[in-house]
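Hi,

Here is the structure I promised to pass on. Please open it and keep it in view while you read my notes below.

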Amino acid sequence: MKVYHNSYRHICRRGDLRGAVLVMAMIVVMIGGLAMTGSIVLLHARMQYTEQHLSSVQRRIAESNARALTREYLLENVIASSSGSGGTFTPGTSWGQTTIPSWSTAAMNSTAFPAGNNLVSSASGFPYAATFLSTISDGADSSTYKAYMNSRSPLLSGDLLVVHQPFDTSLAISGSLDVIGRSVIYAPASPNSYNFTTEDFAVPRGTTGFSLNDGSGNALPGSNFPLGPETAGPSVGDLGYSGTLNVIDNSANPGNSLYAKLNGGGFSSISVSGTTPTNNRGVVSLGDGNVSITLDDDFMTNVIITDATAVTLVGQNSGTALADADLLPAIMILILQGGGIDLTTISFQNQNNRRLHLGVKKTSTTTPVQFNFTSSLSDISWRLLLTAESTPIVLNKTVGGSMNLYGGIRTNGSVTVASGTSTTLRRELDPKLLNRLADRRAWVELYK
């Protein structure tokens with residue numbers, strides 16, 4: 001019995017060992033199977049991820065292309081035209097789609113504000129905005145994008161000297177001119193020349209080898225906020241993004257035409273000819289080409305002057321009168337020179353604290369217009385936004401001294417500060433109605 005018992009225990013031990021090995025082998029096989037299954041599942045998931053990622057990339061590209069197409073359509077058509085039918089547009093097969101609604105008013109006619117203020121836009125404050133709701137599709141889903149056709153006067157946005165493409169072969173900015181703000185130069189290359197000081201300046205992208213100095217004589221780098229696609233409106237087949245200027249009297253761009261604003265565009269005005277005697281609401285024409293305007297006349301409104309050889313703007317000569325002028329509404333004066341009568345002189349008497357936008361356009365000559373400031377004071381100030389189109393100007397304080405012009409100058413012609421005269425351009429900090437009266441620049445902002 002004892003021998004049999006030991007043999008049985010030995011056999012059992014060998015059986016236990018074989019069973020344990022078998023169990024371990026099964027566990028290893030099971031783990032291997034699980035690992036293989038996991039690898040297959042992971043590989044399948046990665047294949048699905050790659051396919052889905054490729055699809056999502058294609059959708060993002062399609063949406064980006066459709067968004068870019070929307071922006072380009074708005075820049076080329078909506079800003080440049082007073083009306084249009086819109087439509088549905090596709091860049092190409094599987095490359096997205098955009099649907100743009102029709103419109104029936106000029107974008108730069110808008111007096112509505114956008115829902116929010118973009119602090120890094122060209123406005124430097126709230127612009128006016130015409131709003132478009134465009135539908136953009138990526139091929140799978142559609143989204144509504146809100147597009148703002150923003151516009152505002154560059155001078156009231158802090159760009160106090162805006163020099164556009166020259167109307168003639170070349171232009172020059174010269175003399176003792178200091179810009180306390182930013183200057184925008186659309187045509188910095190020779191033969192155009194610039195000799196003035198500024199706090200900051202911007203030029204078109206790609207401009208090299210151009211610099212200006214600040215008031216201390218230090219060379220300035222160009223602005224780190226480069227010029228984007230901005231326009232004052234179309235001009236003779238040009239959409240204006242190259243920096244052309246045609247805003248005084250442009251029937252092709254009524255949304256940003258100063259003449260259109262005063263002639264049926266919602267603002268009252270009186271029309272005066274330099275060859276016809278007139279005495280009306282502070283405006284006097286002698287009939288010999290001379291026109292005089294008293295700026296602080298309580299009944300004065302906007303004025304359109306034609307056929308004048310000389311215009312005199314009479315400001316204020318006392319502290320009380322200056323304070324009262326600040327309470328008067330802003331006005332616009334347009335001087336349109338054409339035919340055989342040549343505008344040669346605009347005289348500015350005393351000082352002026354009434355918000356004033358002056359637009360001057362010559363069409364038949366390129367003779368510079370003398371801007372003569374005749375106050376006997378050594379230092380004078382004028383509130384003055386000036387748009388000079390096809391009109392070279394010479395700034396001259398007849399008795400010498402310094403001038404502060406609160407507003408700025410927008411031009412496509414030469415600006416010369418006469419010897420013995422020092423001129424500083426400063427920002428108009430309280431424009432009020434000038435925001436609506438002044439000519440604008442426009443750009444597009446697109447939000448989802």
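Is Glu63 buried or exposed? Glu63 counts as buried, because its relative accessibility is 15%. Here, buried means under 20% relative accessible area, exposed means over 50%, and partly exposed lies in between (1.4 Å probe, protein chains only).

Before you go on, note that this is a predicted model: local features need pLDDT of at least 70, side-chain atom pairs count only at pLDDT 80 or more, and totals for chains, interfaces and linings use all residues. Residues are numbered from 1 along each chain as its sequence is written, and side-chain values use heavy atoms, with hydrogens and water left out.

Salt bridges

A search of the whole structure gives twelve salt bridges. Each is a side-chain nitrogen of Lys or Arg within 4 Å of a carboxyl oxygen of Asp or Glu.

Glu63 pairs with Lys448 in one of these, with the closest N and O atoms 3.3 Å apart. This pair links distant parts of the chain, 385 residues apart. Glu63 sits in helix H1 (residues 2–78), and Lys448 in the segment after strand E27 (441–447). Helices (H or I, at least four residues) and strands (E, at least two) are DSSP runs, numbered from the N terminus. Lys448 is exposed, at 66% relative accessible area.

Next, look at Asp326. Asp326 forms a salt bridge with Arg355, at 3.1 Å between the closest N and O atoms. Asp326 is in the loop between helix H3 (319–325) and strand E18 (331–337), and Arg355 is in the loop between strand E19 (345–349) and strand E20 (356–362), so the pair ties together parts 29 residues apart in sequence. Asp326 is partly exposed, at 26%. Arg355 is buried, at 2%.

Asp326 also meets Arg383 in a salt bridge (2.8 Å, N to O). Arg383 lies in strand E22 (residues 379–389), so this pair ties together parts 57 residues apart in sequence. Arg383 is buried, at 10% relative accessibility. Which residues are linked in the network of salt bridges? They are Asp326, Arg355, Arg383, Glu428, Asp430 and Lys432.

Two buried residues

His164 lies in the loop between strand E5 (159–163) and strand E6 (172–174). His164 is buried, at 2%. Its side chain joins that of Arg410 in a polar contact of 3.0 Å. A polar contact is a pair of N or O atoms within 3.5 Å; within protein, one must be able to donate a hydrogen and the other to accept it, and residues adjacent in sequence count only if both atoms are side-chain atoms.

Thr421 lies in strand E26 (residues 421–426). Thr421 is buried too, at 3%.

Best wishes
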